Amino acid sequence: MEILIQPRNFRVNEHTRAYIQKKFAPLGRRLRGIGETKVEIRREPTRSTQHQVVVQVTVNVNGTLLRAEERAATVNAAVDVVANALDRQVLKYKGRRLRNF
């Protein structure tokens, strides 16, 4: 599984890259058909400091796209929530796929 990190209006250091790799590695173990995972991180100017960082993740699974987006105060908080959401989507997708065979 290839993880592409695309920062927009945001600097991503090596610690953050390693954290993202660590959080999304279990997705590749749960589902074998994942081609690439795009992680887009951007900072948006908002009045609330709680929702300035936006993390959007798109996973390509054999032509099917699984997508999640979350806003938080820090990158790590947003990545945690997005990873949990995608984990649930992968389990749901895997269950549907197995049920159809």
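Is V55 buried or exposed? V55 counts as buried, because its relative accessibility is 0% and buried means under 20%. Keep this residue in mind. The model it belongs to is predicted.

## Overall layout

The chain is built from two helices and four strands. Read from the N terminus, the order of elements is β-α-β-β-β-α. Strand 1 covers 2-8 and helix 1 covers 14-30. Strand 2 runs over 34-43, strand 3 over 53-61 and strand 4 over 64-72. Helix 2 takes up 75-100.

A compact globule of 101 residues would have a radius of gyration near 13 Å, and the chain has 14 Å, so the two agree. Now take the contacts between residues at least 6 apart in sequence. Of these, 48% join residues at least 24 apart.

## Surface and charge

Of the 101 residues, 36% count as buried. The chain exposes about 6,300 Å². Carbon and sulfur atoms supply 46% of that area.

Charge comes next. There are 20 positive side chains and 9 negative ones. The centres of the two sets lie 5 Å apart.

## The nonpolar core

In soluble globular proteins, nonpolar side chains tend to be buried together. In this chain, the largest nonpolar core has 29 residues. Seven members touch the most others: I20, F24, V39, I41, V55, V57 and L86. Helix 2 gives the most, with nine residues.

Return to V55, which sits in strand 3. Which residues does V55 touch, leaving out those up to four places away in sequence? The partners are V39, E40, I41, A68, E69, E70, V75, A78, V79 and V82. One of them, A68, is 13 residues away from V55 in sequence. Their C-alpha atoms are 8.3 Å apart in space.

V57 is another of the residues that touch the most core members. Neighbours within four places in sequence are again set aside. V57 is then in contact with F24, T37, K38, V39, L66, R67, A68, V82 and L86. V39 and L86, two of these partners, are also among the residues that touch the most other core members.

## Two loop asparagines

Where is N9 found? N9 lies in the loop between strand 1 and helix 1. Its phi is positive, at about 55 degrees, although N9 is not a glycine. N9 is exposed, because its relative accessible area is 67% and exposed means over 50%.

N62 is placed in the loop between strand 3 and strand 4. This residue is not a glycine either, and its phi is positive, near 50 degrees. N62 counts as exposed, at 58% relative accessibility.

K92 lies in helix 2. Is K92 buried or exposed? K92 is exposed, with a relative accessible area of 54%. Its distance to T58 is worth checking in the structure. K92 and T58 are 34 residues apart in sequence. From C-alpha to C-alpha, they are 16 Å apart in space.

How values were computed: Residues are numbered from 1 along each chain as its sequence is written. This is a predicted model: local features need pLDDT of at least 70, side-chain atom pairs count only at pLDDT 80 or more; totals for chains, interfaces and linings use all residues. Side-chain values use heavy atoms; hydrogens and water are left out. The radius of gyration is taken over C-alpha atoms; the globule rule is 2.2 Å times the number of residues to the power 0.38. Buried means under 20% relative accessible area, exposed over 50%, partly exposed in between (1.4 Å probe, protein chains only). Contact means heavy atoms within 4.5 Å. Accessible areas come from the Shrake-Rupley method with a 1.4 Å probe; for residues, only the protein chains shown count as cover. Lys and Arg count as positive and Asp and Glu as negative; His and the chain ends are not counted. The place of a charge is taken as NZ of Lys, CZ of Arg, CG of Asp or CD of Glu. A nonpolar core is a set of buried Ala, Val, Leu, Ile, Met, Phe, Trp, Tyr and Cys residues joined through side-chain atoms within 4.5 Å.
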